[in-house]
Amino acid sequence: MHAILLQKHGGPENLAISTMADPEPEDNEVLVRLKAIGLNYAEIQSRKGLYGWAPKLPYVLGMEGCGIVEAVGRGVDESRIGQQVIVAAQTGAYAEKIVVPQTQALPVLPDFSLVENAAFTVQWMTAWVGLMKICRLQPTDTVLIQAAAGGVGTAAVQIAKAMGCKVYGTVGSDRKMELVKSLGIDGVINYRRQDFAEEVRKMNNGRGVDVVLEVVGGEVYRRSIALLNPFGRLVQIGFASLNLNKWNPLSIYRTLRAVPRVNVSKMAERSYAVGASHLGYLLKDPQLMSSVWQDLTSFVTERRLKPIVGHEFNFDQMAEAHRLMESRQSTGKIVVRV
Ligand SMILES: NC(=O)c1ccc[n+]([C@@H]2O[C@H](COP(=O)([O-])OP(=O)(O)OC[C@H]3O[C@@H](n4cnc5c(N)ncnc54)[C@H](OP(=O)(O)O)[C@@H]3O)[C@@H](O)[C@H]2O)c1
């Protein structure tokens with residue numbers, strides 16, 4: 001099969017197509033022929049060697065996709081062969097074929113296209129777990145979504161609006177503002193032109209917010225904490241600003257300073273909570289994942305929500321797709337067709 005095997009950390013030029021042996025399903029596993037792959041920001045960090053969850057080199061990047069079950073291992077019902085599935089994994093999806101435990105090959109959502117199914121799982125589950133499970137979102141909450149025009153961001157805006165919340169978001173360009181406005185957001189701030197914390201208070205009659213979905217770290221984290229109302233909740237689900245150069249002491253210092261930390265005394269003074277979540281840990285608990293999946297897909301189907309696919313590429317354009325995501329110009333999800 002063809003796959004994009006990462007041999008060395010570095011720039012997008014390392015994402016060349018190689019030929020590899022087809023993987024074979026073992027007990028309780030399925031082999032899926034992928035038709036479309038969903039890209040995630042973690043894969044940029046993984047390619048650069050900055051992702052703590054990555055295995056040793058060489059390995060095939062890629063966390064999710066959509067395709068057809070082509071073969072099954074022992075312990076898997078043969079009727080699954082031919083089933084259209086969404087695949088969620090830590091690695092291995094930048095390929096024509098992938099093997100995953102059968103619990104990580106989920107039935108597609110019938111109302112979604114192939115590309116929408118490839119775009120859904122990682123970012124929507126992340127937004128769902130952050131908002132609903134950690135922050136226990138209520139319809140009366142006022143919410144701030146950082147990086148609101150991205151994959152997780154557009155999912156989070158849609159979930160919070162569908163819950164009935166007042167929702168604000170930050171973006172890094174005017175073009176992105178238009179996209180999040182089209183999702184019904186109550187207020188959006190281009191943080192390159194305006195101070196997001198001041199603007200949120202202006203729009204919200206001087207008050208802060210009850211919930212923040214934070215993905216950047218550093219100063220954005222500190223200023224988001226300062227915006228929380230009493231009983232507020234912030235969930236940290238990403239660290240997009242962390243860009244460590246191991247050989248540069250200044251970069252090490254900057255990175256350490258940017259890692260979000262909590263100060264329990266300060267939390268007590270203003271009565272707020274800080275949480276964090278990572279899907280990688282949750283994948284190890286199939287029962288928990290299955291219940292999260294049921295809740296999320298029922299909500300999305302009832303409210304007729306869909307992932308926003310901003311860009312599509314072909315398999316031999318993976319480097320271009322990475323360049324786009326890294327440039328911070330992408331909106332919604334990037335999908336690569338196999
Ligand atoms: N915890 C988990 O399990 C989990 C799972 C999936 C994703 N995540 C995290 O969630 C975040 C969003 O992921 P995604 O895949 O949906 O990506 P994305 O939001 O589509 O792309 C990343 C966006 O982050 C924004 N950003 C803000 N500050 C940045 C900085 N200093 N450097 C680079 N980008 C910056 C940029 O938008 P603006 O320029 O508009 O701000 C950029 O477009 C990432 O941090 C990712 O690691 C976590």
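These legends go with a handful of close-up views of one predicted protein model. Because the model is predicted, local features need pLDDT of at least 70 and side-chain atom pairs count only at pLDDT 80 or more, while totals for chains, interfaces and linings use all residues. Residues are numbered from 1 along each chain as its sequence is written.

**View 1. Where domain 1 meets domain 2.** The chain splits into domain 1 (2-120 + 307-337) and domain 2 (122-280), with bounds that come from an automatic or database domain assignment. Taken over C-alpha atoms, their centres sit 27 Å apart. At the meeting point, 16 residues of domain 1 are in contact with 15 residues of domain 2 (in contact means that C-beta atoms, placed from the backbone, lie within 7 Å). On the domain 1 side, the touching residues are 8 nonpolar, 5 polar and 3 charged. Here Ala, Val, Leu, Ile, Met, Phe, Trp, Tyr, Cys and Pro count as nonpolar, Asp, Glu, Lys and Arg as charged, and the others, Gly among them, as polar.

View 2. Helix α11 covers residues 286-302 and reaches 24 Å from its first C-alpha to its last, close to the expected 24 Å (1.5 Å times one less than its number of residues). Helices (H or I, at least four residues) and strands (E, at least two) are DSSP runs, numbered from the N terminus. Look for Trp 293, Leu 296 and Val 300, which are buried. They share one side of α11 because they cover an arc of only 75 degrees around the axis, going by the directions from the helix axis to the C-beta atoms. An α-helix has 3.6 residues a turn, so residues three or four places apart point the same way. Buried means 20 or more other C-beta atoms within 10 Å of a residue's own, exposed means 12 or fewer, and partly exposed is in between, with C-beta atoms placed from the backbone. Among the parts covering the buried residues are β8 (105-107) and α3 (121-134).

**View 3. A cis peptide bond at Pro 58.** The bond from Leu 57 to Pro 58 is cis, with omega near -10 degrees. Pro 58 lies in the loop between α1 (41-48) and β4 (59-60). Most residues other than glycine have a negative phi, and most peptide bonds are trans.

**View 4. Positive phi at Arg 136 and Ser 271.** Arg 136, in the loop between α3 and β9 (142-145), has phi near 50 degrees. Arg 136 is exposed, with 12 other C-beta atoms within 10 Å. Ser 271 sits between α9 (264-270) and β14 (273-276), with a positive phi of about 55 degrees. Ser 271 counts as exposed too, with 11 C-beta neighbours inside 10 Å.

Key: Two residues are in contact if their C-beta atoms, placed from the backbone, lie within 7 Å.
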